[in-house]
Amino acid sequence: MSARPIALVGPTATGKSDLALDLAERLDGVEVVNADAMQLYRGMDLGTAKVPPHARRGVPHHLFDVLEVTETATVAAYQRDARAAVDDVLARGGTPVAVGGSGLYVQALVDDLRFPGTDPTVRARLDVDLAAHGPAALHARLARIDPDAAAGILPSNGRRVVRALEVVEITGEPFASSLPRPGEPRRGTVLVGIDRDTAEIDARIEARVDGMLAAGLVEEVRELAARGLAHGETASRAVGYRELLEVLGDSGTDPDPDALAEARRRIVVATRRLVRRQRSWFRRDARVTWFDASSPTLADDVVTLTRDTADAS
């Protein structure tokens with residue numbers, strides 16, 4: 001029986017990284033492939049809940065710490081590199097396990113996701129509009145001409161809003177038409193989703209944020225700010241980093257307790273919103289088999305699914 005890739009998806013704070021390591025104890029040759037846009041960045045460790053090397057149980061990890069915070073992460077580059085990593089693991093007879101909650105990245109890995117070209121003139125004009133009017137105004141424009149695309153993009157994400165408007169203008173079609181219709185996943189990937197009760201996730205988010213702050217997240221953000229974090233188009237928008245950058249300001253001194261408490265509150269709220277977006281994205285994909293992340297037999301149940309799926313193929 002040849003190994004098939006596994007994609008572990010679902011909202012943040014459900015335990016995907018721990019599950020991947022548990023699977024490594026039950027399946028041969030598991031190697032983890034990152035599918036979280038922010039874990040691509042060197043130094044963004046605490047705020048992304050990146051599993052540190054000493055806690056990876058000897059399991060090889062790929063596509064972690066491959067970008068500087070000033071570099072822009074792109075889905076196209078990720079698709080190229082992640083597919084190469086998956087193919088390399090398979091060629092060695094191993095089991096690649098893609099782990100992450102970045103929906104478009106997972107789709108780029110498992111589906112025939114292609115990328116419409118760019119038009120420098122259109123892009124330049126939209127960039128001028130973005131600078132002049134802000135992302136919310138352009139998001140409202142996108143909502144008028146392509147409401148489905150707007151529904152899937154945060155109003156604050158100016159880069160993605162510009163890209164969607166560019167694709168619509170260039171192709172004359174909705175942005176979503178450039179996305180593939182889900183079919184047979186590449187390399188027969190088994191898509192596994194884990195989720196938890198909303199109240200449980202909320203409690204885990206609170207505990208996670210407090211743990212990150214206690215472990216030194218403010219200092220991590222300060223160090224990354226010195227390396228240009230605020231100028232990184234992708235990295236500077238990461239939940240936790242964005243909020244702390246604002247309270248650190250240009251001085252880099254410790255924020256006062258009230259400002260830090262407000263930043264903590266905003267990080268919790270932003271993480272809850274992220275959970276809702278991730279859940280909405282992945283629940284649309286009928287190929288995902290869902291499991292209760294709190295089940296004591298979770299890892300064994302996922303192993304059974306992967307073996308049953310392989311036997312049926």
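Strand β4 (95-99) contributes the most residues, 3, to the lining of the largest cavity. The structure is a predicted model: local features need pLDDT of at least 70, side-chain atom pairs count only at pLDDT 80 or more, and totals for chains, interfaces and linings use all residues. Residues are numbered from 1 along each chain as its sequence is written, and side-chain values use heavy atoms, without hydrogens and water.

A cavity is a set of points on a 1 Å grid over the protein atoms alone where a 1.4 Å probe fits but cannot get out; lining residues have an atom within 4 Å of a point. The count is 1 cavity of 30 Å³ or more. The largest cavity holds about 70 Å³, the space filled by probe spheres set on the points. Its lining comprises 13 residues; Pro-5, Val-86, Ala-98, Leu-109 and Thr-189 lie nearest the centre. β1, β4 and α3 each give two or more.

The open sheet has 6 strands in the order β3-β2-β4-β1-β5-β6, paired in parallel. Pairing requires at least two DSSP bridges. β3 (61-62) and β6 (289-292) form the edges. β5 (190-195) and β6 share 4 bridges, and Val-192 stands opposite Thr-289.

The largest nonpolar core has 51 residues; Tyr-41, Met-44, Tyr-78, Val-221, Leu-229 and Tyr-241 touch the most other members. Such a core joins buried Ala, Val, Leu, Ile, Met, Phe, Trp, Tyr and Cys residues through side-chain atoms within 4.5 Å, buried being under 20% relative accessible area (1.4 Å probe, protein chains only). Another core, of 24 residues, lies apart from it and includes Phe-291.

Note on methods: Buried means under 20% relative accessible area, exposed over 50%, partly exposed in between (1.4 Å probe, protein chains only). On a 1 Å grid over the protein atoms alone, a cavity is a set of points where a 1.4 Å probe fits but cannot get out, and a pocket is an open set with protein on both sides within 12 Å along at least five of seven lines; lining residues have an atom within 4 Å of a point.
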